[in-house]
Amino acid sequence: MSNFGILNAHATRRQLLVCTATLAAMALPRDIFAAPFYKFAHGSFDISVVSDGFITLPSEVLLPDAEPEERADFLMRLGGSAESAAVQANIPLIRHGDDLILIDNGSGTNFQPTAGRLAQNLLTLGVAPEQITKVVFTHAHPDHSGATTIDGSVLYPNARYYVSQAEWDFWMDKQFEARRPAALHGFARGARRDLLAVDDRITFVRDGDEIVPGMSIVSTPGHTPGHVSVELEGRDNLLITGDACTNDTIFFARPDWHFGFDTDTEVALANRRKLLDRAATEKLKLLGFHWTYPGVGHAERRGDAYKFVPA
Ligand SMILES: [Zn+2]
């Protein structure tokens, strides 16, 4: 499992101490982006990719369309077992002017115990929860919005929250339990817990809306009906894809395959292909949530498929 992020569930106490010592040795005020996280500048934005840890997904979720041999091959490439593989949770912390913006806030204590490390890792960067000014949700699955509250309190208390109206409407539907399979009912309870906890500080967004100058919403439904990506202007634009393309190893090679946790499977497939096609054509820089840390790179066309080229 050597491909995991720098400071995640595997970070030893020694690594954390080394990091803390590094921070302590730096002159104040701390440059929060000087810690050993993957960081880059993009246009008017400074971005640090902070790991929330990792989650483990069964092969039938990751690779529902794969033949047994292909399935075994992809699981091996992901560093997994015969039944499952772990994937990263990469969360960009974006500094823009006086804003400190998170795209999703991770699992908190509400998903798998190997995730939920974001707040701890932010502290090693010198960022306290109170300093976060905006949280943009790509969608309200538990590994993306699950850290909204800890023990009932809002974890990032001074943040404004952004979610698409379609995402809100999907999870708040009074007929949800009647309309959607039982497997999604737990996710719905989690999404309502997270979104309702901050309902007094939510801004609803739609395609093209700007969060701050140069940062805008791109509607990418399918994974969930209200899923959005976030695009940042720069020399070549940066697209933060959330779960519109859930994994680099699998879906760049097989953009024709479904993903088991996509709610509207055919819409998700079509939008994933559209996203990869556009990324290759426009040479977009991409940042993917469950991609090999730090999940930043480009899509290069290879026939009907793509190659992920790390930045
Ligand atoms: Zn996810």
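Are histidine 144 and histidine 290 buried or exposed? Histidine 144 is buried, and histidine 290 is buried as well; buried stands for under 20% relative accessible area, exposed for over 50% and partly exposed for values in between, with a 1.4 Å probe and protein chains only.

The model is predicted: local features need pLDDT of at least 70, side-chain atom pairs count only at pLDDT 80 or more, and totals for chains, interfaces and linings use all residues. Residues are numbered from 1 along each chain as its sequence is written, and side-chain values use heavy atoms, with hydrogens and water left out.

**View A. The zinc ion and its protein donors.** Asp143 (OD), His144 (NE2), Asp243 (OD) and His290 (NE2) lie 2.1 to 2.2 Å from the zinc ion. Donors are N, O and S atoms within 2.8 Å of the metal (3.2 Å for Na, K and Ca); water is not among the atoms, so sites may look incomplete. The arrangement is irregular because the four donor atoms subtend angles of 82 to 163 degrees. For four donors, tetrahedral requires all angles between 85 and 135 degrees; four count as square planar and six as octahedral if opposite donors are over 155 degrees apart and all others between 65 and 115, and anything else is irregular. The donor residues follow the sequence spacing D-H-x98-D-x46-H. Histidine 144 in helix 5 (residues 142–145) and histidine 290 in the loop between strand 14 and strand 15 are 146 residues apart, so this pair links distant parts of the chain. Helices (H or I, at least four residues) and strands (E, at least two) are DSSP runs, numbered from the N terminus.

View B. Strand 2 (residues 45–58) and strand 3 (residues 84–96) run antiparallel and are joined by eleven bridges. Leucine 57 has alanine 85 in strand 3 as its bridge partner.

**View C. Strand 15 with strand 14 and strand 16.** Two bridges join strand 14 to strand 15, and the two run antiparallel. Leucine 287 stands opposite valine 296 in strand 15. The loop between strand 14 (285–288) and strand 15 (296–302) holds proline 294, which is joined to tyrosine 293 by a cis peptide bond with omega about 0 degrees. Strand 15 is also antiparallel to strand 16 (residues 305–310), through six bridges, and arginine 302 is the bridge partner of alanine 305 in strand 16. This hairpin has two residues between the strands, and glycine 303 takes a positive phi near 65 degrees.

**View D. Positive phi at aspartate 104 and lysine 283.** Aspartate 104, not a glycine, has a phi of about 75 degrees. Aspartate 104 sits in the loop between strand 4 (99–103) and helix 4 (118–124) and is buried, with a relative accessible area of 1%. Lysine 283, also not a glycine, has a phi of about 55 degrees. Lysine 283 lies in the loop between helix 10 (265–282) and strand 14 and is exposed, with a relative accessible area of 54%.

How values were computed
Pairing = 2+ DSSP bridges.
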